[in-house]
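Open the model in your viewer and keep the selection panel at hand. The stops below say what to select and what is there.

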Amino acid sequence: MKIMAVYSIKGGVGKTAAAVNLAYCAAQSGMRTLLWDFDPQAASTFYFRVKPKLNKSMKKAVQGKSDLEAEIKATDFENLDIIPADFSCRNMDLFLDAADKPKKAVRDMFRSVSGDYDLAIADAPPGITLLSEGIMKAADVLAVPLIPTVLSLRTCGMLLDFLKENKMKDVTTALFFSMADRRKKIHREVMDSTEFEGVKLLENHVPYSAEVEKMGLHRAPVGVFSPKSKAADAYANIWREIVNIL
């Protein structure tokens with residue numbers, strides 16, 4: 001099972017929308033896909049209309065004492081399941097801090113559910129935490145949405161420095177612009193001039209779109225309720241780029 005983490009240090013960059021839509025695209029392509037919602041805001045869980053009842057299962061999962069497969073829920077879409085989140089996931093760092101090898105514990109959690117899936121997509125919470133470090137260590141690809149602004153570029157630079165300083169050479173980083181509005185001069189300038197040495201910047205980007213905001217109303221990926229929209233095309237094209245580097 002390949003693992004892709006959708007992650008950004010910075011919040012509000014379209015991370016969860018990307019995780020949900022890329023998981024949908026992967027499943028539609030025929031890959032058996034597991035979306036793992038690690039974010040205590042549980043937005044991915046909400047979008048797929050799943051009601052979680054995690055109780056103490058995440059604490060037990062970190063300790064290797066929980067059957068995570070029992071937490072997997074089916075979605076309305078073929079080939080796509082989800083491990084939901086709830087507010088108790090805010091304690092994941094406390095559980096990991098108490099573990100002997102917290103980063104290995106995250107990798108072991110992925111391995112415990114790897115039997116039935118081709119791909120796991122982690123919707124990782126923002127910030128640098130024990131959980132996010134463990135997810136990055138476990139991932140084959142780190143997909144990073146990036147708003148074309150100076151502040152977002154600065155935060156992305158911090159992430160790339162962190163990966164280098166911690167010698168995370170096994171994970172391939174794929175950056176892509178998100179919530180991009182080329183009517184704005186600053187967005188055009190950043191998108192046309194930004195380069196990252198040694199890091200892949202995807203050719204496609206997610207446009208700023210009301211269709212993405214409507215995901216909360218429809219509680220579904222964009223491709224379900226607006227399949228011919230620019231946003232749906234963007235996620236499909238980004239998925240085609242990512243699958244080639246998985």
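Select S132: this residue is buried, with a relative accessible area of 1% (buried means under 20% relative accessible area, exposed over 50%, partly exposed in between, with a 1.4 Å probe and protein chains only). The model is predicted, so local features need pLDDT of at least 70 and side-chain atom pairs count only at pLDDT 80 or more, while totals for chains, interfaces and linings use all residues. Residues are numbered from 1 along each chain as its sequence is written, and side-chain values use heavy atoms, with hydrogens and water left out.

S132 sits in helix α6, residues 130-138 (helices are DSSP runs of H or I with at least four residues, strands runs of E with at least two, numbered from the N terminus). Show its surroundings: leaving aside residues up to four places away in sequence, S132 touches Y7 and G127 (contact means heavy atoms within 4.5 Å). A polar atom of the S132 side chain lies 3.2 Å from the backbone oxygen of G127.

Next, display α6 together with helix α5, residues 102-111. Their axes come within 8 Å and cross at roughly 55° (axes are lines fitted to C-alpha atoms, for helices over the stretch in contact, and angles run from 0 to 180 degrees between N-to-C directions). α5 and α6 are therefore oblique to each other (under 35 degrees counts as roughly parallel, over 145 as roughly antiparallel, 65 to 115 as roughly perpendicular and the rest as oblique).

Move on to Y208, in the loop between β8 (200-201) and α9 (210-213). Is Y208 buried or partly exposed? At 46% relative accessibility, Y208 counts as partly exposed. Beyond residues up to four places away in sequence, Y208 touches M179, A180, D181 and E213. With E213 there is a side-chain to side-chain polar contact at 3.0 Å (a pair of N or O atoms within 3.5 Å; within protein, one must be able to donate a hydrogen and the other to accept it, and residues adjacent in sequence count only if both atoms are side-chain atoms).

Last, select C25 and C89. C25 is buried at 13% relative accessibility, and C89 is buried with a relative accessible area of 5%. How many disulfides does a search of the whole structure find? The search finds zero (a disulfide is a pair of cysteine sulfur atoms within 2.5 Å).
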